[in-house]
Amino acid sequence: YLVPKQPGDPTRGPEGVSPLDTSSWDVAGGSPISGGATWTSYTLDPTTGLLYVPGGNPAPDFAAALRGGANLYADSVVVLDAKTGAYHTHFKLMPKDWHDWDISSAPALVTTASGKRVMLVAPKDGHLYGFDLDTKERLYRVPVTAVENADVLFSAEKSVHFCPGSVGGAEWNGPAYDPQNNLVLVGEVQWCTTVRIEHTRKIEDTANFTPWSAEDSINPFNMWGQADPVFQWAGWLYAVDADSGQWRWRARTNYPVQSGVAPTAGGVVFFGDMGGNLYALDADTGRKLWGEKIGGAIGGGVITYTTPQGQRVAAATGLTEVLWPTEITTANVSILGLVNN
């Protein structure tokens with residue numbers, strides 16, 4: 001459990017030892033302690049035997065007044081003993097979340113040019129975080145997409161427009177590391193959301209086992225807020241120094257970037273966007289070397305590998321789902337060959 005267990009919660013097997021209790025949750029009106037679910041990959045450090053688990057947002061998503069305190073371990077990377085599940089430590093990224101800003105991807109564990117062991121993580125709040133794994137110190141928190149109204153509380157009286165939106169920031173593919181340039185490379189979504197929440201009594205009266213975001217809308221597709229028009233969205237690829245947190249370059253695309261990012265030993269970085277475009281950039285400068293539409297939305301992995309016939313680049317294309325107004329097409333794995341000029 002990544003949030004405190006309450007009476008009546010099911011037991012589905014052995015549970016690791018954890019210090020978690022209800023002290024960081026001050027829930028109003030007898031509301032349940034909920035949220036904090038995991039929905040993306042974890043990171044295993046085979047040297048230490050530790051498992052790094054990214055935790056989701058607390059619930060109700062947008063109504064912070066119903067849940068006082070820090071809401072542990074929601075919006076945290078929780079570190080567990082991989083063999084027993086016992087708690088080791090945690091890194092709390094959002095002190096208080098009312099935007100649906102999950103820790104949405106697996107952290108990257110790297111050794112930087114200066115020799116530091118660093119955990120890199122990019123949640124949905126539009127920032128890149130670097131933590132020193134030896135001291136547990138946060139080294140930097142760098143904005144890597146548009147950030148707006150991050151500190152404005154939501155209310156039932158007026159709507160609030162905020163960035164990144166509830167489907168903005170970084171999604172399920174986390175940051176990549178280029179050791180040749182000591183750069184962290186992270187793809188980002190620039191897409192904002194407008195939210196007005198329900199009155200407290202209506203939120204508290206929400207039936208169990210139904211969506212519980214607190215968004216005041218009769219449209220079931222707006223339970224995570226009203227997204228901006230599609231023509232207002234964009235994407236970013238940021239390159240940030242892994243030691244200092246200073247960004248070296250950034251590249252903007254007309255479509256959100258949710259794909260994996262693949263830096264190579266040849267000094268080229270590959271990534272795709274939700275318009276189905278695959279790009280190759282100079283990893284040192286960000287200069288565009290090549291780009292072409294290869295299929296539907298690229299929201300999965302991008303890899304490179306060698307064959308007897310030469311080097312190949314593969315990308316998963318054709319992502320379609322209800323929250324993303326992308327081209328409706330067949331999913332494919334597209335494979336391209338590299339030509340040396």
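Predicted model: local features only at pLDDT ≥ 70, side-chain atom pairs only at ≥ 80, totals over all residues.
Next I looked up the partner of β9. Strand β10, residues 117-121, runs antiparallel to β9, and four bridges join the two. I then checked the turn. Five residues lie between the strands of this hairpin, and G115 takes a positive phi near 90 degrees.

**The four-stranded sheet**

I traced an open sheet of four strands and wrote down its order as β14-β15-β18-β19, with antiparallel pairing. Which strands stand at the edges? They are β14 (176-178) and β19 (247-253); each has a single partner strand, so one side of each is left without a neighbour in the sheet.

β14 is joined to β15 (residues 183-190) by three bridges, and the two strands run antiparallel. Across this pairing, A176 stands opposite L185 of β15.

**Aromatic pairs**

I searched the whole structure for aromatic pairs and got 13. I asked which residues the ring pairs link into a cluster. The cluster consists of F62, W101, F154 and F162.

**The largest pocket**

I looked up the volume of the largest pocket and found about 710 Å³ of space. Its lining comprises 35 residues. Nearest the centre of the pocket are G35, A59, D61, P211 and W212. I then checked the lining by element: β2 (34-35) and α1 (200-204) each supply at least two residues.

*N277.* I located N277 in strand β22, residues 277-282. Is N277 buried or exposed? Its relative accessibility is 16%, so N277 counts as buried, the cut-off being under 20%. I listed its contacts, leaving aside neighbours within four places in sequence: Y255, F271, G272, E292, K293 and I298.

*H88.* I located H88 in strand β8, residues 87-92. With a relative accessible area of 46%, H88 is partly exposed. Not counting residues up to four places away in sequence, H88 touches L50, V79 and L80. I also looked up its distance to P19: the C-alpha atoms of H88 and P19 are 9.7 Å apart in space, with a sequence separation of 69 residues.

*P10.* I found P10 in the segment before β1 (26-27). P10 is partly exposed, and its relative accessible area is 36%. How far apart in space are P10 and R312, C-alpha to C-alpha? I read 48 Å for P10 and R312, which are 302 residues apart in sequence. Which residues does P10 touch, not counting those up to four places away in sequence? I noted Y1 and K5.

Methods. Residues numbered from 1 in each chain as written. Heavy atoms only, no water. Pairing = 2+ DSSP bridges. Phe/Tyr/Trp six-rings, centres within 6.5 Å; stacked < 30°, edge-to-face > 60°. Buried < 20%, exposed > 50% of the residue type's maximum accessible area, 1.4 Å probe, protein only. Contact = heavy atoms within 4.5 Å. 1 Å grid on protein atoms, 1.4 Å probe; cavity = no way out; pocket = protein on both sides within 12 Å on 5 of 7 lines; lining within 4 Å. Points joined across faces, edges and corners; volume = space filled by probe spheres on them.
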